[in-house]
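Welcome to a short tour of one protein model. Keep the sequence and the 3D view open as you read, and look up each residue when its name comes along.

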Amino acid sequence: MELATPITIYWDLPSGTADTCSLQRMCADIIACRPLMLNLRDPGPEIGEGTVAVLDRLKGVPIAVSLTIPPTALHGAAGALCRDPGLKEILLAVEHVEDISLPLQEDARGGDEVRPGAHQPIMGISFTVTKENWRELPALVIFCREQGIPRLVLPMQRLYNAETPFFLDRHEQRTLAASLAAAGGVEGLNLTIHDPFLWRAFNPGVPFPQGGCQAANTMLAIGPNGDVYPCPTLPVRLGNIGEASLKEIVVSSGKKEFRRRLLEHPAGCRGCMELAECRGGCRGRAYVNHGSLAGADVACG
């Protein structure tokens, strides 16, 4: 079933100096689509003025807002961010366990006492998995458990700029699953995993919950320049939020046709016994590797 509007929007904000008026207009455009969740990402070493303007525009809006920032950005803005009534959660973006230099909760408070009953966003970690760091995942799970960090996100890879798609092969998936089991498993951890094959390593025997690729349906992604994509990992430009309203892009024939094509199982997956479980895997990763939506996800090999 195709939704009239996306449930979740991923918005990668420009870092540093930005046209705050333009970003606030874009934010108003997003609000008009009435998503349930808005995931913001600011990659800069400090909270950018554009991000501040967007967070200000979102105050009082009934959208669950998540903000992903590097650990360095948390220090300077800790007090204000942790009392921002518009934020549901703050995620620290790291690529190695050693990048998390302080206990998350203490670092976020910035040494100030938090008034009882005051709003506090959930604090968590966004760990971008790569070929260089995936073996750290069991140590990361242990770290979260020991530090009382309840939230862990393994974000979708951004493939807007011709990046090489990351994946674990079947042997690496099994190795990771065994290491996670030896580390005590992930029970009690609030996990978000979009990759069906990473999900399998973390949750052996548990069906992937998203029911197949949700790009251009329950989710959309917006790049720093306003380009709109089906999801962060599927680099097919659907439009630009500065050239057309997000509502216009959502209801456009191009977006609808692309979603229809995503509902078709990849030709390379026909006859596969695991298709009912993985639903074709990551369509963005397959698209970048094969140049079309017909190819199978390389992580399935």
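This is a predicted model: local features need pLDDT of at least 70, side-chain atom pairs count only at pLDDT 80 or more; totals for chains, interfaces and linings use all residues.

**The nonpolar cores**

In soluble globular proteins, nonpolar side chains tend to be buried together. Here, the largest nonpolar core has 52 residues. Those with the most contacts inside this core are Trp-11, Leu-40, Ile-69, Leu-81, Ile-222 and Leu-246. Helix H1, residues 20-32, gives the most to this core, with five residues. Apart from this core lies another, of 29 residues, with Val-94, Ile-125, Leu-180 and Trp-199 among them.

Which residues does Leu-40 touch, not counting residues up to four places away in sequence? Its contacts include Trp-11, Leu-13, Val-54, Leu-55 and Leu-58. Val-65, Ser-66, Leu-67 and Thr-68 are also touched by Leu-40.

**Salt bridges**

Now for the charged side chains: the structure holds eleven salt bridges. Here are three of them, each with the distance from N to O.

| Salt bridge | Distance, N to O |
|---|---|
| Arg-158 and Asp-12 | 2.9 Å |
| Arg-237 and Glu-243 | 3.3 Å |
| Glu-257 and Arg-260 | 2.7 Å |

Start with Arg-158 and Asp-12, whose side chains meet in a salt bridge. This pair links distant parts of the chain, with the two residues 146 residues apart. Arg-158 lies in the loop between strand S6 (151-154) and helix H6 (170-182), while Asp-12 belongs to strand S1, residues 8-12. Both Arg-158 and Asp-12 are buried.

Arg-237 is partly exposed, with a relative accessible area of 44%.

Elsewhere, salt bridges that share partners join Asp-12, Arg-41 and Arg-158 into one network.

**The cysteines**

How many disulfides does the structure hold? The number is zero. Take Cys-282, which is in no disulfide: the nearest cysteine sulfur, that of Cys-231, is 6.3 Å away. Cys-282 is buried, with a relative accessible area of 17%. Cys-144 is buried as well, and its relative accessible area is 1%.

**Helix H11 and its surroundings**

Helix H11 covers residues 283-290. Its buried residues are Arg-283, Gly-284, Arg-285 and Ala-286. These buried residues pack against helix H7 (196-202) and helix H9 (253-262). Just after H11, Gly-291 takes a positive phi of about 80°.

To finish, move to Asn-203, which lies in the loop between H7 and strand S8 (219-222). Is Asn-203 buried or exposed? Asn-203 counts as buried, because its relative accessibility is 17% and buried means under 20%. Leaving aside neighbours within four places in sequence, Asn-203 is in contact with Val-186 and Ile-193.

Terms used:
Residues are numbered from 1 along each chain as its sequence is written. Side-chain values use heavy atoms; hydrogens and water are left out. Buried means under 20% relative accessible area, exposed over 50%, partly exposed in between (1.4 Å probe, protein chains only). Helices (H or I, at least four residues) and strands (E, at least two) are DSSP runs, numbered from the N terminus. Contact means heavy atoms within 4.5 Å. A disulfide is a pair of cysteine sulfur atoms within 2.5 Å. A salt bridge is a side-chain nitrogen of Lys or Arg within 4 Å of a carboxyl oxygen of Asp or Glu. A nonpolar core is a set of buried Ala, Val, Leu, Ile, Met, Phe, Trp, Tyr and Cys residues joined through side-chain atoms within 4.5 Å.
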